[in-house]
Amino acid sequence: MKVLGIESTAHTLGIGVVDEDEIHCNVKSMFEPDEGGIHPREASEHHYQKALQIINEVDQKTEFELSEIDAVAFSQGPGIQQCLEIGVVIARTLALKYSAELIGVNHCLAHISIGTRTTEAENPTTLYVSGGNTQIVEFRSGRYRVIGETLDTALGNALDKLARKLSYPHPGGPEIEKLAEKTDEIIETTYPIKGMDLSYSGLVTDMERKVGDEKDEVVANTFQEYAYSAAVEALERAMAQSQSSEALLTGGVAMNTRLREMVTKMCEERGAKAYFPPPEYCMDNGTMIAHQGLIQAKAGDRTEIEDSQVDPNWRPDEVKVSWI
Ligand code: ATP
Ligand code: FE2
C-alpha cells in the first residue's frame, strides 16, 4: 500500500511517501522567522507558498506515479490552527485528485510510530520533546497514555526562548547546545520536575535573569543540565513503574547530543535499551505522517472529508487506537 503523508503542524511543511517496505521520499521546507518565534500567519503563508514546489519535488523523487497512491494522510492535530488548515486542504485536494483514501492522524503518535519503524524499538516508553510538546508516552491497555508531561512550556520552546534572550536566531536548541559544549560549569537553579511531570517556565525565567551576570555558555550549560536531567528522570520513573525495557527519544530536541547521552546512560544503568531515530525523522517530517497513515489504513481507518476538520488540541491519549 502506497501512502503520501503531509505534515504542517508548525514551522515545517513536509511531504513523505512510504509503503510497507520502503521510505520513497521525505521532502520538507522549514519556515525560519527573521526574528522572534513562529508567527502563525507567517508560518501558514510559508506553507501555502511552498506547497506546489514540494509536491513537484515529491513527484520527481518518487519512482512511481503519484496517481498510484492509495491513501493521503495528514496531521489533523495537535498544532497551530492556521498551519494545520493548509495541510488538510492539500490532503483533501490530492485525495480527490488521485481517488485515494483520506486519513487524519495524530502528530504525536506519528513521532512515536516513525521511531519504531526506523529503530528496533517494539513497545518503548517514549520521551517526546519538541518545540510544542514535552510528553512521556506509553501504550498501555489499548491506548497511548501520557504518563508525564510539561505543565507549562515545552522543552524546545524553552530552549528557543532562552536562545532569543541570548540573541540567537530560531531555532535556539542547536545554539544552546553549541554554547553549552564550551564549558562544564553550572550554577544553582530550580530543578524542573514535579512527580512525573515537568515545569520549565521557572527555569527559563531564572536563566534569562542570569544573562549578562553569568557567561552565556554557563547559562546554556546550566539550562541543559537541569532541563534534560529532569526529563530523563521522569522518563526513568515511567520506565520503572511499567517495567519497560525500551526507551525511545523523539521530537526535534531528540537531536541533542547531551540529552542522548543522558538517556543512554540511564538505560545502561537499568539494563534497558535506548533508541534514537535518525535526525531527519526526529524533527517534524511528512514521512512519519505517511507511516502513521499506512498502519491506520491497513487497519481499515478512514477519514471522511466531512470529518476531516483539524483539531489544534488533539491529545495522543484521546486517539482511539484500532491498529494495535
Ligand atoms: P511539534 O509540532 O512536535 O511540537 P515542532 O514544531 O517543535 O514539533 P520539531 O522539528 O519537532 O518541531 O522540533 C523543533 C524544536 O527542536 C525547536 O524547539 C528546536 O530548538 C529544537 N531543536 C532542534 N535541534 C536541537 C538540538 N540539537 N538540541 C536541542 N534542541 C533542538
Ligand atoms: Fe513534531
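Good morning. A residue is called buried when its relative accessible area is under 20%, exposed when that area is over 50%, and partly exposed in between, with a 1.4 Å probe and protein chains only. The structure before you is a predicted model, in which local features need pLDDT of at least 70 and side-chain atom pairs count only at pLDDT 80 or more, while totals for chains, interfaces and linings use all residues. Residues are numbered from 1 along each chain as its sequence is written, chains are lettered from A and ligands numbered from 1 in the order in which they are written, and side-chain values use heavy atoms, with hydrogens and water left out.

I begin with the metal site. Which protein residues are donors of the iron ion, ligand 2? They are His107 through NE2, His111 through NE2 and Asp284 through OD, at 1.9 to 2.2 Å from the ion. Donors here are N, O and S atoms within 2.8 Å of the metal (3.2 Å for Na, K and Ca); water is not among the atoms, so the site may look incomplete. Along the sequence, the spacing of these donor residues reads H-x3-H-x172-D. Because His111 belongs to helix H3 (residues 107-118) and Asp284 to the loop between helix H9 (279-282) and helix H10 (286-298), the pair ties together parts that are 173 residues apart in sequence. Helices are DSSP runs of H or I with at least four residues, numbered from the N terminus. His111 is buried, at a relative accessible area of 1%, and Asp284 is buried as well, at 11%.

I turn now to a helix pair. The axes of H1 (residues 40-61) and H2 (residues 81-97), which are lines fitted to C-alpha atoms over the stretch in contact, come within 8 Å and cross at roughly 25°. That angle makes H1 roughly parallel to H2, a term for angles under 35 degrees. Contact means heavy atoms within 4.5 Å. On the H1 side the residues that meet H2 include His47, Tyr48 and Ile55, and their partners in H2 include Ile90 and Leu94. Ser44, in helix H1, is buried at 10% relative accessibility. Neighbours within four places in sequence aside, Ser44 is in contact with Gln82, Cys83 and Ile86.

Finally, is Lys165 buried or partly exposed? Lys165, in helix H4 (residues 155-165), is partly exposed at 44% relative accessibility. Leaving aside neighbours within four places in sequence, Lys165 is in contact with Glu208 and Val211. Between Lys165 and Ser229 there are 22 Å in space, C-alpha to C-alpha, and the two are 64 residues apart in sequence. Thank you.

How values were computed: Helices (H or I, at least four residues) and strands (E, at least two) are DSSP runs, numbered from the N terminus. Axes are lines fitted to C-alpha atoms, for helices over the stretch in contact, and angles run from 0 to 180 degrees between N-to-C directions. Angles under 35 degrees count as roughly parallel, over 145 as roughly antiparallel, 65 to 115 as roughly perpendicular and the rest as oblique.
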